[in-house]
Amino acid sequence: MVLEFQFTEQQELFRQSVREFIDHELRPIMPRGFTEGHEFPWAIVRKIQKQGLMGVPIPREYGGAGLGEVGYCIMLEEMARLDGGIATIVGAHTGICVVPLWLFGTEEQREKYVRPLAEGKAIGAFGLTEPEAGSDAANIKTTAVKDGDGWRINGSKIWITNGDVADYVMVSAVTDPALGARGGVTTFIVEKNFEGFKVVGVEDKMGIRLSTTAELQFTDMWVPDSCVLGNVGEGFIAALTALDGGRVSLGVGNLGGAHAILNRTIQYARAREQFGQPIGKQQAIQFMLAECAAEIWAARAACYHAAQDVENYYHMVAHGKSVPRPYRAKVSRQTAMAKIIGSETAGRVIDRCLQIYGARGFAEGFDDLEAAFRDHIINEIYEGSNEIQRLIIGRELYSTGEFIL
Amino acid sequence: MVNVVVCIKAVPSDLNVAVSRRTGEPILEGTRWVINNWEKRAIALGIELVKNHGGACTVVTMDEESSKVALREALALGADKAVLLTDKSFEGADTLATARVLSAALTKLRADVVLTGSRTADRRSAQVGPMVAQLLNIPAVTFAESTELKGKTLHVTKRIGTKLATYEAPLPCLVSVGADRAAPAIATAWGIYDAYTTKDIIVWNRRDLDLHEDSVGREGSPTRVRRFEKVQERKGPIECEFFEGDADDVARQFVRRLKSRGGNIR
């Protein structure tokens, strides 16, 4: 077992360049406070696309930056320091759309779809969730029936991040009801101009308001065979593999956001005076800050560890190597843990920080405390609720009879 | 085709470093090194020249073997080649000894246009560029804003107060880039990949440059920094005064002004 982890010089340089880019190019144009409406932030996303940050883990030969899952996590950690919504846009596009396309797509599909998505010329989305298939993801009702050289798809998808603006959406549909999730679900690459594709609406959410969340409907939508991702019946495994990476980057991102809030809070505790001295001199405040720092530190180390394993795992899948079952189980377990500790640590940190800010933090827009608080709620819900993550871990513990580190 | 060479220097990202009471030297352990900001502008200018006229843009720095990160960043920003000048004997070099090493490398690289930052953020001498030009016996224009190549002549513009001056310099020449130029681009994710995979760093030592031990490093340095002291940061704007006239005139006015401020000059 390898317990050491160190960022390479290249990774450090990458982090620095992303941070510089965000501070100089994005921060000055960010909307503050509770933004009205739900307009997709094109001005910001265009800049992110030009900077090469929409395909960080994708190999260079397919238009990406070739910086691996760890590089991707570094970018998302920095992005989340800026805003949870922006991180969600980039995360949904990269982690759960472009990555499975690259991992399971044919060479033609990689050329046709992965390249423009990774180069920042197109936006992607991932559609698994349905009204009756949330945590019970295997219960999807969208169907795809063989029709000539393609498939006819009917159904709907909800809570689809980037769904309203995406050029390409990965849609999972039932191709064989008898087989269920294992073999009966197929993922299709759907282009936005396919006939029968419709964006029904966009949600109004309490947090991550810069990220748009759409409901999609497919009515007799015909999709050619060339748009089947991987093989027919492998849709569920493709989705689960993508979610492994999605979960770990989400954990890291949550911690990035929490870290930024903690640093602001430390400054506030040094400046805000009560009883004739900065509140930061009070042990009650120092204890809260210390707990925040310790928890972020531990959770971050765990998440990057999991990210490294995901990087290896994806490398094996992309190169068609067979992945031993125990290794796959380990990666899934670790990413589930990363998602839990990343999101819940962030939740506790932001909660304490708001308490330190007092009413100031409760007021809209001040130091973005209120936005961070509204944003963090979703972290424990999306990409598999934390209860489902616990289920994955718990089931494995029960069946193996011990916790293998 | 134009052969552009940009001389860069890695500086601490945070200049607020501690100074050792014992040695009087800044404590630089654990410092993150970045390209001096004005040299980032010089790199951008170099890449622009090559884009418009063809050729290659090479970055060169004199530093320790272990510190290649600034060169990698330059490659990530779009430079074609990077050269690290490193040798145990280069240590402790002042501006002149540094200029000797750089000019030897520039001769070896057959530079048409040499670009530098006008000064570094950490030592602030603004001497190395002009010294290199002197050693190579080529013309120099300092604190430039932009350049344009017309045949074998480089047109260099420079902002002086509210005026914009244009200079002409025949190739080869040296241009030091000032802060008037717009902030340079930030390395993209693609650039950072390329900097570590498709591009490499060439390493030259004293022998490669054919330099004598006495002319480099501490040995070859006529000046010494006695010590550093930490002082309160100066508040308010930095005063800038321009002297006009021919070289002798400017020098005389300058000395008079220094004396009027209590400078001990004979």
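Predicted model: local features only at pLDDT ≥ 70, side-chain atom pairs only at ≥ 80, totals over all residues.
**Domain 1 against domain 2, chain A**

I found 21 residues of domain 1 of chain A in contact with 19 residues of domain 2 of chain A. On the domain 1 side, the elements that give two or more residues are α4 (84–104) and α5 (107–118) of chain A. α4(A) gives the most, with 10 residues. By class, I noted 12 nonpolar, seven polar and two charged residues on that side of domain 1. Here Ala, Val, Leu, Ile, Met, Phe, Trp, Tyr, Cys and Pro count as nonpolar, Asp, Glu, Lys and Arg as charged, and the others, Gly among them, as polar.

I then checked the bounds. Chain A is assigned domain 1 (9–123), domain 2 (126–227) and domain 3 (235–400). These bounds come from an automatic or database domain assignment. The C-alpha centres of domain 1 and domain 2 of chain A lie 23 Å apart.

**Ground rules**

I number residues from 1 along each chain as its sequence is written, and chains are lettered from A and ligands numbered from 1 in the order in which they are written. Local features need pLDDT of at least 70 and side-chain atom pairs count only at pLDDT 80 or more, while totals for chains, interfaces and linings use all residues.

**Chain A overall**

I listed 12 helices and nine strands in chain A. Helices (H or I, at least four residues) and strands (E, at least two) are DSSP runs, numbered from the N terminus. The radius of gyration of chain A, taken over C-alpha atoms, is 21 Å. The C-alpha trace of chain A spans about 80 × 50 × 40 Å along its principal axes.

Of the 405 residues in chain A, 50% are buried. Buried means that 20 or more other C-beta atoms lie within 10 Å of the residue's own, with C-beta atoms placed from the backbone. Among contacts in chain A with a separation of 6 or more, 74% join residues 24 or more positions apart.

**Chain A against chain B**

I turned to the interface next. Here 16 residues of chain A are in contact with 11 residues of chain B. The chain A side has seven nonpolar, six polar and three charged residues.

**The sheet in chain B**

I traced an open, antiparallel sheet of three strands in the order β8-β9-β10 (chain B). Two strands pair if DSSP finds at least two bridges between them. β8 (146–150) and β10 (163–170) of chain B are the edge strands, each pairing on one side only.

Five bridges join β8(B) to β9 (residues 153–160) of chain B. Leu149(B) has Leu154(B) as its bridge partner, and Thr147(B) stands opposite Val156(B). Two residues lie between the strands in this hairpin, where Gly151(B) takes a positive phi near 60°.

β9(B) and β10(B) pair over eight bridges. Ile160(B) is the bridge partner of Lys163(B). Their hairpin also has two residues between the strands, and Gly161(B) takes a positive phi near 60°.

Methods
Contact = placed C-beta atoms within 7 Å. Rg over C-alpha atoms; globule rule 2.2 N^0.38 Å. Buried ≥ 20, exposed ≤ 12 C-beta atoms within 10 Å, placed from the backbone.
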